[in-house]
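Reader: I should like to go through the reasoning behind several structural labels. Please set each value beside its criterion.

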2 protein chains.
Amino acid sequence: MKYGYFNDKRKEYVITTPKTPYPWINYLGNNDFFSLISNTAGGYCFYKDAKLRRILRYRYNNMPMDTNGRYFYIKDGEDYWTPGWLPVKKELDAYVCRHGLGYTRITSSRNNVKADVTYFVPLHFNGEVHRVQLTNESITTKELKIFSFVEFCLWDAQDDMTNFQRNLNTGEVEVEDSVIYHKTEYRERRNHYAFYGVNTPCDGFDTDRESFVGLYNGLDAPNVVKDGACTGSISHGWSPIASHEMHVVLKPNETKELIFVLGYVENNRQEKWESKGIINKTKAKDMMKQMGTSDAVSQALLDLEHYWQDLLSHFQITSHDAKLDRMVNIWNQYQCMVTFNMSRSASYFESGIGRGMGFRDSNQDLLGFVHQIPERARQRILDIASTQFKDGSAYHQYQPLTKQGNHDIGGGFNDDPLWLILGVIAYIKETGDMDILDEQVPFDCNPHDVGSLFSHLKCSFYHVVNNRGPHGLPLIGRADWNDCLNLNCFSNEPGESFQTYGDPDGRVAESVFIAGMFVYIGNMFVKLCERMGKEEEAQKAKAYVDEMYDTVIQEGYDGDWFLRAYDAFGEKIGSHSNKEGQIYIEPQGFCVMAGIGLKEGLAEKALDAVKDKLDTAYGIVLHQPAYTTYHDNLGEISSYPPGYKENAGIFCHNNPWIACAETEIHRGNRAFDIYRKITPSYLEEISDIHKTEPYVYSQMIAGKDAPTHGEAKNSWLTGTAAWNFITITQWILGIKPDFDGLIIDPCIPKEWGGFKIIRKYRNNTYRITIENPQHVSKGIKKIYVDGHPVDGATLPSEGTGKIYQVDVLMG
Amino acid sequence: MKYGYFNDKRKEYVITTPKTPYPWINYLGNNDFFSLISNTAGGYCFYKDAKLRRILRYRYNNMPMDTNGRYFYIKDGEDYWTPGWLPVKKELDAYVCRHGLGYTRITSSRNNVKADVTYFVPLHFNGEVHRVQLTNESITTKELKIFSFVEFCLWDAQDDMTNFQRNLNTGEVEVEDSVIYHKTEYRERRNHYAFYGVNTPCDGFDTDRESFVGLYNGLDAPNVVKDGACTGSISHGWSPIASHEMHVVLKPNETKELIFVLGYVENNRQEKWESKGIINKTKAKDMMKQMGTSDAVSQALLDLEHYWQDLLSHFQITSHDAKLDRMVNIWNQYQCMVTFNMSRSASYFESGIGRGMGFRDSNQDLLGFVHQIPERARQRILDIASTQFKDGSAYHQYQPLTKQGNHDIGGGFNDDPLWLILGVIAYIKETGDMDILDEQVPFDCNPHDVGSLFSHLKCSFYHVVNNRGPHGLPLIGRADWNDCLNLNCFSNEPGESFQTYGDPDGRVAESVFIAGMFVYIGNMFVKLCERMGKEEEAQKAKAYVDEMYDTVIQEGYDGDWFLRAYDAFGEKIGSHSNKEGQIYIEPQGFCVMAGIGLKEGLAEKALDAVKDKLDTAYGIVLHQPAYTTYHDNLGEISSYPPGYKENAGIFCHNNPWIACAETEIHRGNRAFDIYRKITPSYLEEISDIHKTEPYVYSQMIAGKDAPTHGEAKNSWLTGTAAWNFITITQWILGIKPDFDGLIIDPCIPKEWGGFKIIRKYRNNTYRITIENPQHVSKGIKKIYVDGHPVDGATLPSEGTGKIYQVDVLMG
């Protein structure tokens, strides 16, 4: 069952009913000001940090679901409604919601009034614009009243929902002309405020929630809307809101437009006040003026369109498969931008409280984003590396506002260091910018303790070398990529963090997964050293990598697949000898990606085992059999009901690793099949089962042990976005950035006859046509650049602004 | 304007409309299992700890306000309604809510169906009982369907509302017979579950919120109720709820009863399971059985009534003033029990997250509770003292579940130690139990570092002596009683805690308030030492107290009133020399209570200044003038808008100190006037202005600088309850427990002709009649005990079980 359709030309997903199985959302904003908006206009916005600087109040897990946002009540005689259906829920004569790139547009009608509301965050603008267009489709004049509504958060989202004994006394606002200023705590230490204004004089306003809504009313029936008149309330220490009353008279077929701006302003401390107690509104007025006309708003929307057009042009495919093309060309790249911006902080499943940017997460997210705006990836790399300790370990998370490591969770996730190497090398392969390795970067954010970025990578590499266990495999620490496999923590009391409980020092659980990563990423590190002319460094590192390769073969293979780990007592995890959790997905992916067991024939066996034991109609589950009871020597993984999350759920993030691994043994059909199963455009028809948005990846799909097998959760913020993007573009379609340029090396389903790619890379454009007349999965017969055959698979990348015509013949 | 009335005979407040200015609430439960319930049945319950072991989910600050609770939907044909009005909000033909002592009863009717629902927590029972009585008041048979509804919290209230990426996958339930078991995380480290059952077979059930309510519905219109049939849903990793469908056929005038039990069970780890994956339900079944019949429930209600009757019988007044009597005899004592149980953790204004039991709070709360159940006060004292450090300082808060000090806030609140002395002495004066002083009590919860309770008190006393500043006054540390006067912290960045920011070590701000406390409580400590035969200890302490007295006179008086403090730079706070904050309430109260300035004539001047500068129609504000801007050298106090909270609000807790002080200068009329202004029974008629419940004290009433002057907030959990109880009973009515027995020493309005008291004390009963024929405020002419005149004001207290007839003649 579908709830909408893709409009590929306009790069939109068009939702045709407000009653989607979950709220289906979109993100607005690209740099510092971000918004979440659902198909009923629910959601909130924040400046830089979803926890510390939240602008609108949102109530997660509410009844009704998703009832707070930016609403426009249309009062038409005694009737009133809201264009997004929620919160009033009056039946609409027409409804569509278009989620586009950086904007959302809701168009609906009732009683011959058409409302067309466009929400977006203009480029270089710290605020949302709400363009409201109203059309009278009847044959008589309509006298409408429009009531806007937003509810402000008192900035710190955690404090806002717990510290009432203080917060009920702090709310303050100002009103001037048609602009309502939310200035809670500006009187004290804050130097920022929010505002909500409209570009024409208003006929009334409210700023106090109780006056507008009524204590025992919901947003479905606010007092002011029922009564048809604002009260002019000024909020004092209760819940500040902003509502404008606008009288709109429309002749038949007439359209009128209102432009609302919901903005955020920071003032210098010296310039906080206009006069005693009156805030300095200069910047807000400038913002109101900047977006004050239809022309300005139209231009800003056009600028946004061009911005995305340019970004997406860095990778474009034309194939026989529209579902593939729309994911690669539009939605997967779009999601990669969002995951790069948000990490795991704020979505409809992530409350924006308690998790900042992840060290591991952010390094992976940039894999899918680096080709869009390499400069931002560069800055992110330096920010991340600054939180690393000198021994190579790292804070697991850091706060985006302060860029400081998060002490609550600390470090000890022993895969973290390696992801930094992968992220940096991906950046260098995209840009050729080896200079980044010489950047001086602090350790633990200490400006007096700095080293080159390369020295950070070396610390990362040797953190693994220096932390190996009894079998010579890497110590796992608190956890590796699988945050829920906690082999050294042994928590037995509720409320303890599975990850940070206990003292893993001296505990010797080892990870075959990190071993696979070490071989995969370590070999890249060796190449990097060679390229820097550090031959000795390279040889030394290579010896460690080769040693690890052998160790995995000897100690990390269980006969038919790679082991997952050894626990703190030296017992095998992910082995035939286990009763539950006999086989895990992660090491099969990363070990084969690293090439381990290829020549020994062990890789193919391992991947066959994955297919045999872990595959389902909806994707590959994390392990089998699921854990039916809790094991304190395994930790959080065994805390979930079977089939959910890490306990044998389809944790999408790791599925691409198997697809990549399959290309290593040239099984293109299987690789694409794995890709396709979790790719949302292919799941659109089963949206009633899948439930989350059909245009973005979700973190998890319930596994075969779950009663709700196939139901997805935690959409948007998942490393799946980046990994499935590089899986399809680099490992399957085979357009791989490398140190010296693009390499062409597809591994595709045999049935495919070919496809076309446009790739912008290092300031050149490659128009690549790949033909597969012999229907192979793998193998290049010949590559022609501008009509001339070239040796090897690497494309030239000299000069700038060149357009290369590349013709590739598989066979 | 009133929204109900007092029924003194039944000890109830009877609310006659569901549309109160705020939800008006009641508490159920006395020991480990507690519930909050509003006049519309909203609220939640928890076991011991409102943060860590929450049983029902509640949404604070929601729209509509207060929409989650224990609801019974009555489906009568196509119509449906809820007896508490919310959440359905169908108009009721009749409605009353009776908040009684430990129970709440909502009786309403619609369409000739009467519903009478009684909610209570039986004594020694870890659960709520909901007795639902339905009567057909029509002349035809009614076929009704009843749908129960509660929504479970996933135990940790903080995690429950932030950690969705995990929580949406963990929910689990079981259903057996008519009982729904909520067992989320029981599979792993928890050994407790909750259940909701009914005493007769049900006709259907739901356990999954989305199935019952519908994703985009509110609780005003759940799908199941609209459709008239439960779906039998089993919750899998989404929001677990419990709903029973009950078919009830009622003949004309027939009444039927259903008994629901919402319980909490802990099992030993060895006995967690009945069989693999099936929880051990033995205890739940026992609880269901225990409350399974009408007779059992009636008896449990009767037991509860007797329990309260006995507790309240320890202090009963009969006067000419019904408002006074109902506060002293019923509501103030009831609130004292609640503040003793809750500290500041869970109310409709305190979210139950982030604050445990306060060291200072709990010591004060027990002042108003110790006469009810001294044994519990004794245990609390030992718990509190165990969190003290050896230097006398203390954790500012501790968690009730673990009884460990709270590291987040730490210590450094330099008044904290003294409150322990006050609490212990209050306990001894009530009970005569000097043995408590020999109890061995840990320091910092370390069982290997213990000392007698007396040694703890000595540490408290000398913590002040050892921490004095440049003027010889006590150092204030992070703050004293006024948590918001932060003289050593200097926070300038939003998000920093005003209390814990900065390093106050070496900073020398001093508190005149603590000085007053030290003289007041220090003199008690001296007497205690004497009574223990520790003459040398007493003399040494007395010298320090006298020295402090002189210091206050010399350095702590500002000409017309007591200074509040010296800041970190040695500047005066609460002085004529200040522009704002010239006079503060707190030191005027405690210094005069300590007797400072009485003989010098300074006390009367100070209290006159309070009346002149701080008094208002609604109580005495904290200081004047209010701070109009933020001062980092003052801290949080200056962060609030003028008139709210500590920034010149009427912070009720400190008003009684002025009333007590007035009795020291024998101004009985003034003392009672101060008492009366903040006492809720006298505010019932202005409930529309006051807004909070007219039967309990609130923490704060907006001051004269606030636009909403007279509006109260933060009802129930405030030290005002204990302080105004001892103010009226001990300082005004003058029935003072002392080391040797009860002292009679009233200070009353001159107009009063007398009053009668029954006081149970040290296992005897005193029937006291006080007559004031000459209309004095103060002064005892003669006291007769059992007809015989006695010397002095101390009543005999020998033996047990005696009834003394005491006749007191003032004059």
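Author: The discussion below concerns a predicted model and takes up ring pairs, charges over rings, the relation of the copies, and selected helices and strands.

Reader: What makes the pair Tyr196(A) and Phe260(A) stacked?

Author: Two rings pair if their centres lie within 6.5 Å, and planes under 30 degrees apart count as stacked. The centres of Tyr196(A) and Phe260(A) are 5.7 Å apart and their planes stand at 25 degrees, so the pair is stacked. Tyr196(A) belongs to strand β16 (residues 192-198) of chain A and Phe260(A) to strand β19 (residues 255-266) of chain A, so the pair ties together parts 64 residues apart in sequence. Both Tyr196(A) and Phe260(A) are buried.

Reader: Why is the pair Phe340(B) and Phe369(B) called stacked?

Author: With centres 4.0 Å apart and planes at 20 degrees, the rings of Phe340(B) and Phe369(B) are stacked, because the limit for that label is under 30 degrees. Phe340(B) is in helix α7 (residues 322-342) of chain B, while Phe369(B) is in the loop between α8 (359-365) and α9 (374-385) of chain B, so this pair ties together parts 29 residues apart in sequence. Phe340(B) and Phe369(B) are both buried.

Reader: How many aromatic pairs are there over all chains, and which residues do ring pairs link into a cluster?

Author: The count over all chains is 118 aromatic pairs. One cluster linked by ring pairs has among its members Tyr3(A), Trp24(A), Trp308(A), Tyr334(A) and Trp716(A).

Reader: How do you know that the charged end of Arg54(A) sits over the ring of Tyr44(A)?

Author: The distance part of the criterion asks for CZ of Arg within 6 Å of the ring centre. The charged end of Arg54(A) sits over the ring of Tyr44(A) at 4.2 Å from its centre. Arg189(A) likewise lies over the face of Phe498(B), 3.7 Å from the ring centre.

Reader: Why is strand β16 (residues 192-198) of chain B described as largely enclosed?

Author: Buried means under 20% relative accessible area. In β16 of chain B, 7 of the 7 residues are buried, so the strand is largely enclosed by the rest of the structure. His192(B), Ala194(B), Tyr196(B) and Val198(B) point one way from β16(B), and Tyr193(B), Phe195(B) and Gly197(B) the other way. In a regular strand the side chains alternate between the two faces of the sheet.

Reader: Which strands pair with β16(B)?

Author: Strand β15 (residues 179-182) of chain B runs antiparallel to β16(B) and is joined to it by 4 bridges; Tyr181(B) stands opposite Phe195(B). Strand β19 (residues 255-266) of chain B pairs with β16(B) over 7 bridges, also in the antiparallel sense, and Val265(B) is the bridge partner of Tyr193(B).

Reader: How do you know that the span of helix α11 (residues 453-465) of chain A agrees with expectation?

Author: At 1.5 Å a residue, the 13 residues of α11 of chain A should span 18 Å, and the end C-alpha atoms are 19 Å apart, which agrees. The helix α11(A) is mostly covered, with 11 of its 13 residues buried.

Definitions and conventions
Residues numbered from 1 in each chain as written. Chains lettered and ligands numbered in written order. Predicted model: local features only at pLDDT ≥ 70, side-chain atom pairs only at ≥ 80, totals over all residues. Heavy atoms only, no water. Phe/Tyr/Trp six-rings, centres within 6.5 Å; stacked < 30°, edge-to-face > 60°. Helix = DSSP H or I, 4+ residues; strand = E, 2+ residues; numbered from the N terminus. Buried < 20%, exposed > 50% of the residue type's maximum accessible area, 1.4 Å probe, protein only. Lys NZ or Arg CZ within 6 Å of the ring centre and 35° of its normal. Pairing = 2+ DSSP bridges. Expected span 1.5 Å × (residues − 1).
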